[in-house]
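This briefing is for a reader new to the structure. Please look over the sequence and the model, then read the notes by topic.

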Amino acid sequence: MGRRALPKFSTERENEFSRYLKGPEEIPRPWDAAALFGRNAPLELEIGCGKGLFLRNAAAARPEHNFLGIEIGKKYAAFSALGLCKRRLENAVMFCGDATRILAEDIPESSLFAVHVYFPDPWWKRAHKKRRVLREEVLQLIESRLIDGGLLHFWTDVEEYFRTTLKLLAIHTKLEGPFEVSEPGDYHTHFERRTRLHGEAVYRSLFRKGVY
């Protein structure tokens, strides 16, 4: 099930929009989360935000945390940022860029309270599976960027992707889990809403970084 087209939207009337959407050149170097958000607070990262439903709801529900979303699609990143702007969620920012590169080059070790990956592109063809975001090296990056006790949330509607990722986590990381996640009453993402309304399965897992 692919992404649906975005509804038409405009950012011209949103004077504060640039506060919520950052390009690669606007990433603090060296990394400075306090400068980005205007405060120090536990930082949660969502990789691949789509239309931004999770990021908006999580930022609103947990104002004591900061939330960073990374989305490679420019239109989706702008749409997600506009949603944050309309709700004046000062504890959330969108980056438009490659999450793997940003994790590797910008975000330091032991800096993330949680990482969220919901319904990543499965790259169905065998030759394309190396493009999946949850590859061996990326999972190791995520592990290194989590604080002790930090969490990795991974959900997908593709059972093969789910089983493969769990195997990679078991072999190549020391993250504890998977822990079962019950089906929530609401929807984390627009994609989850479509999936569940169609009666299709959602595979959910939670991992935790221990104290090494």
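The second largest pocket in this predicted model has a volume of about 190 Å³. Of the 17 residues that line the pocket, F54, A58, R62, H116 and H188 are the closest to its centre.

**Lining of the second largest pocket**
- Two or more lining residues come from each of α2 (53–61), β5 and β6.
- With five residues, α2 gives the most to this lining.
- Sorted by class, the lining holds nine nonpolar, five polar and three charged residues.

**The chain as a whole**
- The chain contains seven helices and eight strands.
- Of its 212 residues, 50% are buried.
- Among contacts in the chain with a separation of 6 or more, 79% are between residues 24 or more positions apart.
- The chain has an accessible surface of about 11100 Å², and carbon and sulfur atoms account for 51% of that surface.

**Helix α3**
- Ten of the 13 residues of α3 are buried, and the helix is mostly covered.
- The buried residues of α3 are Y76, A77, A78, F79, S80, A81, L82, G83, L84 and C85.
- These buried residues of α3 pack against β1 (21–22), α2, β3 (66–71) and β4 (92–96).
- At 1.5 Å a residue, α3 should span 18 Å, and this agrees with its end C-alpha atoms, which are 18 Å apart.

**Residue L82**
- L82 is part of helix α3, which covers residues 74–86.
- The relative accessibility of L82 is 3%, and the cut-off for buried is under 20%, so L82 counts as buried.
- F17 is 65 residues away from L82 along the chain, yet the C-alpha atoms of L82 and F17 are separated by 6.5 Å.

**Helix α5**
- Helix α5 spans residues 136–145, and seven of its ten residues are buried, so the helix is largely enclosed by the rest of the structure.
- V138, L139, L141, I142, E143, S144 and R145 are the buried residues of α5.
- The cover over these buried residues of α5 includes the strands β2 (43–47), β5 (112–118) and β6 (146–156).
- Helices α4 (99–105) and α6 (159–172) are also included in that cover of α5.

Methods
Residues numbered from 1 in each chain as written. Predicted model: local features only at pLDDT ≥ 70, side-chain atom pairs only at ≥ 80, totals over all residues. Heavy atoms only, no water. Buried < 20%, exposed > 50% of the residue type's maximum accessible area, 1.4 Å probe, protein only. Helix = DSSP H or I, 4+ residues; strand = E, 2+ residues; numbered from the N terminus. Contact = heavy atoms within 4.5 Å. 1 Å grid on protein atoms, 1.4 Å probe; cavity = no way out; pocket = protein on both sides within 12 Å on 5 of 7 lines; lining within 4 Å. Points joined across faces, edges and corners; volume = space filled by probe spheres on them. Nonpolar A, V, L, I, M, F, W, Y, C, P; charged D, E, K, R; others polar. Areas by Shrake-Rupley, 256 points an atom, 1.4 Å probe, with all protein chains shown as cover. Expected span 1.5 Å × (residues − 1).
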